[in-house]
Structures are given as structure tokens and as C-alpha cells.
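These are my notebook entries on a single chain model.

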Amino acid sequence: RSIQLIRKCFYYNGRYLEYYIVRKNVKNINLRITRELKIVVSANKAVSEDRVHDFIISKAEWIESSLNKINKKIIEKKELKAKEKYYYLGRSYTKEEMKELIEFDSNSDFSYELELWYKKSSVKYFNSIIDKQLKKFFTYDLKYPKLTVRKMKTRWGSCNKKLNNINLNQELIKQPVEAIEYVVTHELAH
């Protein structure tokens, strides 16, 4: 069942504002503003378009105030996103610096590429730390453990002695080198 949208506009405070009427089986006239800044009025089929228009005009001050608030939130979100920091080996990077570091191809999705890069980098880096730290345990004749890197909610790492497996949290790659070495050493010590 398709919803019929009737597009209208009104003039308020020096500008034209567009609104949409949606005919629904509702008792009252309902007004909402979507995240996309669309003004939507739900009204019963029995309510005339003139009555809806008068309702909109009576709510014009609230509409303008709400549009301004939502717009402000959108702008703040964009500014926050621009200031967003990304971490690798304890150092923070801007989005542009991170794009350079991961050799980002602008034709693909940054978030997806970043996740892939973090995964590959963590496996490579964690293996190099295991190599380095394993030498400290030479007297115990440890076998090289199988490394699993994945996202974990509550741990930096874990190990299974029977399977000779070390699990490390992918988010660990964002921490300082000393912290990574500590976690790897701790897991090897089990």
C-alpha cells in the first residue's frame, strides 16, 4: 500500500518552507520534522488542505526553531567528524593523515578500508612482537603459537595453552608499543 504525499509550501520569516501532507487514519493533525529536515504533517482524509495549511502557519515559529536546532546538530556532527582522531601504535592521526598511511583509494569506502588495514597491520605487527618476545622465553622451549586477531569487547588478549593459541584484540594495534609488548609477553607467559 503506497503512501500519498502532497507537497505544499508556506512563506515564513523571509523564506519559503516546503512541507508534505500524509493522509492517514489519525484523529489529530500530527507534525514532525525528519532528520533530513523534511516537514511532514499527518492528517485524516476528512481534514481539508486549507485546515492543514492553517495548522502549519500556527506552528511556523516552532518549525523554524526545530529546523535550526536540527541544522545546528548536523553541523556539530560534521565538525566533530572532521576533528575525529584515529590511532595506530599509540599515535593519533587525523582522517587525512590516516588516509595517507593506509594508502587509501578514494574510490572505496574509507571505514571498510581502514578496518581491513587495521586487521592486516595487527596480524603483521603482532607476529613481529611475538617473534621478539618469544626469544625471551628460549629456556622454556616454547613452540611458536598460532595467532588469532579479532575484536573483543572485554579483553586485550587471551591464550589457550592446550591448542598453543594466542588471541589478541584487534583494537590493541591502536595502543602504544609498550602496551602491545606487555600484553603479548603476558599471554606468552601463560
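I looked up the second largest pocket and noted a volume of about 180 Å³. On a 1 Å grid over the protein atoms alone, a pocket is an open set of points where a 1.4 Å probe fits, with protein on both sides within 12 Å along at least five of seven lines, and lining residues have an atom within 4 Å of a point. Grid points are joined across faces, edges and corners, and the volume is the space filled by probe spheres set on the points. The model is predicted: local features need pLDDT of at least 70 and side-chain atom pairs pLDDT 80 or more, whereas totals for chains, interfaces and linings use all residues. Residues are numbered from 1 along each chain as its sequence is written, and side-chain values use heavy atoms, without hydrogens and water.

I listed the lining of this pocket as Leu142, Lys143, Pro145, Cys159, Asn160, Lys161, Asn164, Asn165, Ile166, Glu187, Leu188 and His190. Strand S8 (157–160), strand S9 (165–169) and helix H5 (177–189) each give at least two residues to this lining; helices (H or I, at least four residues) and strands (E, at least two) are DSSP runs numbered from the N terminus. I recorded five nonpolar, four polar and three charged lining residues, with Ala, Val, Leu, Ile, Met, Phe, Trp, Tyr, Cys and Pro as nonpolar, Asp, Glu, Lys and Arg as charged, and the others, Gly among them, as polar.

I located asparagine 169 in strand S9. Asparagine 169 counts as buried because its relative accessibility is 4%; buried means under 20%, exposed over 50%, and partly exposed in between (1.4 Å probe, protein chains only). A polar atom of its side chain lies 2.8 Å from the backbone oxygen of arginine 155. Beyond neighbours within four places in sequence, I found asparagine 169 in contact (heavy atoms within 4.5 Å) with residues including Phe126, Met152 and Trp156.

I placed lysine 136 in the loop between helix H4 (110–134) and strand S7 (146–150). Lysine 136 is exposed, at 55% relative accessible area. Its C-alpha atom is 9.9 Å from that of leucine 188, 52 residues apart along the chain.

I counted zero disulfides, taking a pair of cysteine sulfur atoms within 2.5 Å as the criterion. Cysteine 9 is partly exposed at 43% relative accessibility, and cysteine 159 is partly exposed at 27%.

Conventions
A polar contact is a pair of N or O atoms within 3.5 Å; within protein, one must be able to donate a hydrogen and the other to accept it, and residues adjacent in sequence count only if both atoms are side-chain atoms.
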